[in-house]
Amino acid sequence: YSALVRPGRDGRLSYAPDKLGNRIPDFSHAGYMGGGVPIPNDIPVRITLAPSGVDDSDRIENALKAMSAFPPDARGYRGAILLEKGRFTVSRHIQVEHSGIVLRGRGCGLGGTIVFDKSRAGKHAKTGAITVGAPYPAWRFSRHTEVLGGYIPCGQTRFKVRDVSSLSEGQPVVLVFHISQKFIDDLGLAAIWSVPDPGKPHWADVKPQWERTIVRIDRDNSEIVLDYGITCSLDVQAGHGSVTIEKLENEGRVEKIGIEDICFLSDYERSSKDKDGCYQDVKHAMFAVTFNAAKNCWMRRCAGFFYARCLAHVQRWARFITIEDCAMLDGVAWDTPKRPQGGWKYYFSVDGYDTLVQRCYGRYARHAFVHNGSTSGNVILDCVSEKGNLACEAHQRPQNGSLHDNVVSDAMFKFTGAPIFLRPGHTQPHGMQALYCLLWNCFSKSYRKWEPAILLGRAPGNIGYNWAIGCITVAGYGKGIGPGRADYVTLGHVESEDTLVKPRSLYLAQLEERLGRQAVERIATAKQLGGYGEVWIDLMKKFSRLPVYQDPRDLDWPGMENWVPEFDSAVE
């Protein structure tokens with residue numbers, strides 16, 4: 001067992017805080033409907049489409065518009081659009097704008113339903129097959145009150161506020177940390193970052209915020225209790241900023257949209273090769289499925305080939321998304337198996353809040369499982385990355401309070417809270433990357449001899465750190481867990497190196513404690529509830545031996561004409 005979280009005398013998980021009160025967060029709220037809720041299997045088909053042999057973009061879009069006229073049922077679902085077996089060609093991204101619609105295929109292999117994505121654009125093709133929700137939500141915040149206190153630790157649920165008169169139990173609120181310039185100065189990033197202008201979104205906006213629900217109010221002491229804790233420490237007494245309780249207005253998110261049982265195939269130019277013979281076209285589709293202003297949505301049993309960036313891109317406005325039983329293989333971009341190049345092939349890019357990615361696979365990624373936003377509460381569970389160029393990691397802006405749980409990578413993992421610059425004088429730092437992020441029972445091998453297999457750092461002072469617990473590293477050039485080069489500063493918390501810990505999955509253990517064993521069995525397979533590594537072996541059997549970098553226009557791939565992978569169902 002870990003010293004930081006283990007069963008107590010009453011059988012419930014017991015957390016050991018540090019001297020400032022910081023503890024490992026509760027990650028169990030990640031996923032569809034806030035975790036532990038099964039994705040429905042009984043949404044009825046209302047519209048069925050067969051491939052036309054020509055461009056199907058308008059037909060699919062018209063079907064989505066027709067579905068929007070169906071009234072939602074008691075659960076909020078309008079119905080499903082079934083795409084029959086065969087190849088559907090799309091030439092532009094298709095927007096899913098209305099809640100309660102499922103886009104369903106007949107299986108995610110060449111013998112099932114194929115979405116052949118021919119969309120192309122300029123130098124950087126910001127294109128893809130399916131976009132869920134509006135690109136930007138029409139939301140705004142209205143301030144209720146200010147949080148009082150000096151140092152607020154990670155995991156805190158109870159807050160003293162200036163005024164509780166406008167608050168009520170059961171009320172959804174947003175707790176916002178308004179960072180100061182001193183916070184940026186203390187991170188060592190003053191040369192690059194500045195305090196964000198509220199009216200001007202900025203790529204380096206590091207302002208943490210958490211959507212929560214008030215479960216109790218102590219009006220005599222002006223205190224509120226939230227349903228679950230924040231995932232970062234907030235040092236108000238050090239002058240790092242102020243904290244407010246706000247209301248989210250005009251949320252603008254679509255809900256209950258599913259993408260399932262489809263193979264997404266990005267067309268790419270086969271003549272575009274580098275001197276090593278690697279395909280490097282970057283003018284083809286970048287994303288298969290993007291979740292924008294959306295919540296309580298999912299993507300499952302989908303496979304993607306050749307996309308320049310992602311199979312699944314969860315944007316920073318999305319919340320409670322589940323991506324499960326999916327695979328992305330052989331991305332085509334300037335980042336090739338022989339020559340790494342930044343900005344491409346982030347297969348599962350989790351930039352939103354409380355997202356669950358489970359039982360997923362990536363091959364030849366740059367970053368297979370990656371966080372690119374200053375968001376929180378995301379979980380990567382029982383996933384595999386093979387032949388990756390670079391790390392599964394928190395990337396660029398600071399992810400806080402996220403979990404990699406039983407993830408295997410033959411590249412490396414990188415979670416550091418220090419200011420990282422790509423090279424002297426570079427104008428875009430990749431740090432602070434992570435605060436209070438946890439690697440739990442992960443397996444890593446690094447071919448980069450100048451860095452460890454797991455690069456784990458902490459931020460300066462009391463700003464925050466990261467954990468690696470029960471993680472195994474094996475041979476290769478980079479072995480072990482360390483802070484890396486001098487610019488990564490200080491090693492984070494390492495415990496039980498090269499020895500697995502119990503429980504096997506922290507996410508599933510926390511979910512069971514919060515909602516009971518049935519909640520776990522509703523979302524987990526027998527392999528997940530079995531021994532260590534069973535899910536990894538199953539994923540590699542499904543995908544490792546598939547032919548590499550086949551011609552997307554010729555679907556007669558050797559031995560794959562009728563290939564449709566099968567996936568285990570949840571236990572319940």
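Lys387 lies in the loop between strand S31 (379-386) and strand S32 (392-394), where helices (H or I, at least four residues) and strands (E, at least two) are DSSP runs numbered from the N terminus. Phi of Lys387 is near 60°, a positive value in a residue other than glycine. With a relative accessible area of 44%, Lys387 is partly exposed; buried means under 20% relative accessible area, exposed over 50%, and partly exposed in between, using a 1.4 Å probe and protein chains only.

Before going on, here is what you are looking at. This is a predicted model, in which local features need pLDDT of at least 70 and side-chain atom pairs count only at pLDDT 80 or more, while totals for chains, interfaces and linings use all residues. Residues are numbered from 1 along each chain as its sequence is written, and side-chain values use heavy atoms, leaving out hydrogens and water.

Now visit another loop, the one between strand S27 (346-350) and strand S28 (356-358), where you will find Asp354. Its phi is near 55°, again a positive value in a residue other than glycine. Asp354 counts as buried, at 4% relative accessibility.

Next, turn to helix H5 (residues 534-543). Val535, Trp536, Asp538, Leu539, Lys542 and Phe543 are buried there. They sit on the same side of H5 because they cover an arc of only 165° around the axis, the arc being that of the directions from the helix axis to the C-beta atoms. The buried residues of H5 pack against several strands, including S31 and strand S34 (403-409); contact here means heavy atoms within 4.5 Å.

Let us follow Phe543 into the aromatic rings. A search of the whole structure finds 19 aromatic pairs. Rings of Phe, Tyr and Trp (its six-membered ring) pair if their centres lie within 6.5 Å; planes under 30 degrees apart count as stacked, over 60 as edge-to-face and the rest as tilted. Phe543 and Trp563 form an edge-to-face pair, 6.4 Å centre to centre with 85° between the planes. This pair links distant parts of the chain, since Phe543 is in H5 and Trp563 is in the segment after H5, 20 residues apart. Both Phe543 and Trp563 are buried. They also belong to one aromatic cluster, with Tyr268 and Phe305 among its other members.

Finally, look for charges over rings, meaning NZ of Lys or CZ of Arg within 6 Å of the ring centre and within 35 degrees of the ring normal. The charged end of Arg309 sits over the ring of Tyr346, 4.3 Å from its centre.
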